[in-house]
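Let's take a walk through this model together. Keep the sequence and the 3D view side by side as you read.

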Amino acid sequence: MKMDNSFSAVMARKPEIIRNAVGVDYSKFESGSIAFDYEAMMASTGYSLEDVIEIQRGFSIGNTPLIELKNITSLVRKLSKTGYGARIFVKDEAANPSGSFKVRRAATSIHHAKRMGYPGAISATSGNYGAAVASCCAKSGLPCIVVQECYDSRGVGQPEIIEKARKCEALGAEVVQLSVGPELFYTVLRMLEDTGYFNASLYTAFGIAGIETLGWEIAKQCRLEIGREPDVVVCTNAGGGNLTGTARGLQKANCVPQIVAASVNLKGLHMASDTQFNKKSFTTGHTGFGMPFSTWPDRSDVPRSAARPLRYMDRYVTVSQGEVFYTTELLARLEGIERGPAGNTSLAAAISIAQELPEDQIVVVQETEYTGAGKHGSAQLSFARQNGIRVSFGDPKDETAGESIVLPAHPSLLHAVDVDLDHMRRSLITHAASTVEHAPTAEDFAFLAMETKSNEAFVRGTLR
Amino acid sequence: MAKKGDWVRIHSIILQPGERAAAVPEDTRQVPLELWTKGYLAADTPLGGEATVTTRTGRVVSGTLTDEAPHYSHSFGDFVPELQQAGDDAFRFLFGGGKK
């Protein structure tokens, strides 16, 4: 009998397709109410932190340098009041095989896919994760398909995404490109069904366990190389996995810095809009993913996302597109290190945050990413201009996403803007409560306190 | 005319405007969901003709032939004077030295 491949029929088969393609039965973690056993899900990979370190060593992943940005720190101190301006360090994740931290995320998944006998792997991503999966598949001898959202209805593609397609192909992957729309997931489900490949989702416990090594290494390197615990770790936040995995790894090393999320502010742009798709100059690390995935993580392609950033976040700040391009220039010009713009979102925030902290404190920026044609300030700002965006110097607070990009006229204008984290916590709690018909159970209250790094009184207050 | 065995790019429509997901914004709902992929051509086909290809992972898929020997042409874009000036200004702010 021929399979019904209509949109509704395929979406109806989603639970079964995902179960087969990930090999995880998510129902066993469920309580039947709001709560589910997150830690049991994380442990269900069967891989300990030590196992993951060993797997990553096999892929030549990790142990990236922790670089002190001495000149940027000097710049920060010129802008700070006397005695202020924390030391800024960056974890140079671009040194990984695929050019970003995302390969940590891919390694456990692909190792597992190979071990379980899957004939290949599929990844749905327009970001660095595609190259990460392609890299691990190449090393593992597995075929790989990367599905990207890439073009608007005029057939115009984001230069950054096109570069990522090139890199995926260079590493051997088949790249399937789509026009704008969340139905990308429908296409992926059909391919998973047709090929029997593993779904190398960004949001499984395999993926997040892979990022724990990043937090673990930061703790280890700060102790050995600096002789001091990090005071603040800044993570670029989109889907939440980067922050979740890093924070969990730090915790496993008994290291408890303040965890700050940073996203590029794309307020006002709809991520699924055909006409707005090419009005943005960042395709990841932005609020268009950061906000919805923080306040409702289970919108991902697996029933329960392992990326749950509000569990670990102490502070959330936004920076503008212009500030990140400017920071990318600072890194090149003052430190002699040329890296991709999107990965410098957290560095832009760190330059602002370090000014609030005494000189002896340490701020760690936990990633960089590779740069190249398309994935570069000049490529992305030229593209912005071609799409009608005004690019100028001024005060970044005057930037309007989709209309203008404002490069700071002076480094003193770099300013991370705080997001109301309690508001986000309340949003998650309210949404969670709306998913069940009954009043939350005692277990649910405790769960939601964990989910939001708050307490039961806060949860009860929100739902009163 | 692309020859059998050539490396080509094909295009297809996955969902027509009327078939788009309910949650999609209005502007996106008015256009189809399109797909592009690449593979080795099964038979001689003219540009714009219906083609069947075998992809790098061995999938056999069909669509309209859009490119023969597709290549990348993305670049570092145009010269963006503001970026150069931003870097140079910051360098002078930190290390000193007058404007040229």
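What radius of gyration does chain B have, and what would a compact globule of 100 residues have? Chain B comes out at 23 Å, whereas a compact globule of that length would have a value near 13 Å. Please bear in mind throughout that this is a predicted model. Of the 100 residues in chain B, 30% are buried.

How is chain B built along its sequence? You will find two helices and four strands in it, arranged in the pattern β-α-β-β-β-α.

Now turn to the place where chain B meets chain A. The contact involves 35 residues of chain B and 47 residues of chain A. On the chain B side, strand S1 (7–15), helix H1 (26–29), strand S2 (33–41) and helix H2 (81–95) each give two or more residues. Which of these elements gives the largest share of that side? The answer is H2(B), with eight residues. By residue class, the side of chain B that touches chain A has 20 nonpolar, eight polar and seven charged residues.

Strand S5 of chain A, residues 174–179, runs antiparallel to S2(B), and the two pair over two bridges. Within S2(B), look for Leu35(B): standing opposite this residue is Leu178(A).

Let's move on to chain A and its domains. Domain 1 of chain A takes in 55–97 + 206–418, while domain 2 covers 421–463. Taken over C-alpha atoms, the centres of these two domains of chain A are 28 Å apart. Where they meet, 10 residues of domain 1 of chain A are in contact with 10 residues of domain 2 of chain A. On the domain 1 side, H12 and S9 of chain A each supply at least two residues. That side of domain 1 of chain A divides into five nonpolar, two polar and three charged residues.

H12(A) deserves a visit of its own. This helix of chain A, residues 287–295, is mostly covered, with eight of its nine residues buried. Among the buried ones are Phe289(A), Met291(A) and Phe293(A), along with Gly288(A) and Gly290(A). What do the buried residues of H12(A) pack against? Their partners in chain A are strand S8 (258–264), strand S9 (315–319) and helix H16 (421–434).

For a last stop, find Gly343(A) in the loop between helix H13 (321–335) and helix H14 (345–354) of chain A. Is Gly343(A) buried or exposed? Gly343(A) counts as buried because it has 30 C-beta neighbours inside 10 Å, and the cut-off for a buried residue is 20 or more. Leaving aside residues up to four places away in sequence, Gly343(A) touches Ser100(A), Thr236(A), Glu367(A), Thr368(A) and Glu369(A). Take a look at Phe101(A) as well: 242 residues separate Phe101(A) from Gly343(A) in sequence, yet their C-alpha atoms are 9.6 Å apart in space.

Notes. Residues numbered from 1 in each chain as written. Chains lettered and ligands numbered in written order. Predicted model: local features only at pLDDT ≥ 70, side-chain atom pairs only at ≥ 80, totals over all residues. Buried ≥ 20, exposed ≤ 12 C-beta atoms within 10 Å, placed from the backbone. Contact = placed C-beta atoms within 7 Å. Rg over C-alpha atoms; globule rule 2.2 N^0.38 Å. Domains from an automatic or database assignment. Nonpolar A, V, L, I, M, F, W, Y, C, P; charged D, E, K, R; others polar. Pairing = 2+ DSSP bridges.
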